[in-house]
Amino acid sequence: MRLDEWTSEEFAQNVGPDTVVLLPIGSVEKHGRHLPLGSDMIQPLQVLEEVCKRTGAVLAPPIPYGVITTTRAYPGGVGVSFDSLRAFVRDVLRDLVRNGAHRVMVVSGHAAHDHMAALRAATQDVVDEGALKATVLSDYDIIYDQKDLPQNEGHAGMIETSRLLVHRPDLVKGRSPPSANRIPSYAVLPDARPYWDGVTGDSSKATKEYGEKLDRLVVDELVNLVEELKRRP
């Protein structure tokens, strides 16, 4: 159910007003010393393929770049501005609507606040035009909503490393030392490196089994959200 693998004729045959299109968004940024720059794209793509199998939703081509701030100063951090991401996603959503796809779920593997705000603003722009029904979230919204998560775990730590051990173990290069995000509260910085090395938590505790548990949780909730979007009047 990959949109970009269809012919034009197959798109016309398979996409109707009740079809749900999944639009994955990622980022290119440092994830400690041990995880790939594209970790935020790898994770949603893996779970969304399973969601498509279970719901009949259609997977749109991913948008790999996002808004990055705290990781910008590290080598390999390639991002776009808030306005650029908002405009790009807005254009994609408008063209999906123009092509008859009126139900879209935007799912981001990158959960930074300004990044997610750009996605929500873009989607709101198109929803307000009257022809789109939409849902916007990060798969980490689902994960961080759980009450039994390990303490002080976050970016490139136990949780994210566990998921990469499921999705692309060949790209997990050992572990980074345990670390914490010490950026001062409410600070706006030109360079976060003196306060943070790209890791929050202890990646040495990561296991494939824990990653599989998290993925099941994410897939189940995304399936529920797709079904809700199908029913939305």
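User: What share of the contacts in the protein with a separation of 6 or more comes from residues 24 or more positions apart?

Analyst: This is a predicted model, in which local features need pLDDT of at least 70, side-chain atom pairs count only at pLDDT 80 or more, and totals for chains, interfaces and linings use all residues. Residues are numbered from 1 along each chain as its sequence is written, and side-chain values use heavy atoms, without hydrogens and water. Contact means heavy atoms within 4.5 Å. For residues 24 or more positions apart, the share is 76%.

User: How many of the 233 residues are buried, as a percentage?

Analyst: Buried means under 20% relative accessible area, with a 1.4 Å probe and protein chains only. By that cut-off, the buried part of the 233 residues is 49%.

User: Which pattern does the protein follow along the sequence?

Analyst: Helices (H or I, at least four residues) and strands (E, at least two) are DSSP runs, numbered from the N terminus. The protein has 7 helices and 4 strands. Read along the sequence, they give α-β-α-β-α-β-α-β-α-α-α.

User: At what angle do helix α6 and helix α7 pack?

Analyst: Helix α6 covers residues 158-167 and helix α7 residues 208-231, with axes 7 Å apart. Axes are lines fitted to C-alpha atoms, for helices over the stretch in contact, and angles run from 0 to 180 degrees between N-to-C directions. The packing angle is about 90 degrees.

User: Which residues of α7 make the contact with α6?

Analyst: On the α6 side, the contact is made by Met-158, Ile-159, Ser-162, Arg-163, Leu-165, Val-166 and His-167. From α7 come Lys-208, Tyr-210, Gly-211, Glu-212, Leu-214, Asp-215 and Val-218.

User: What does the C-alpha trace span along its principal axes?

Analyst: The trace of the protein spans about 50 × 40 × 30 Å.

Methods
Buried < 20%, exposed > 50% of the residue type's maximum accessible area, 1.4 Å probe, protein only.
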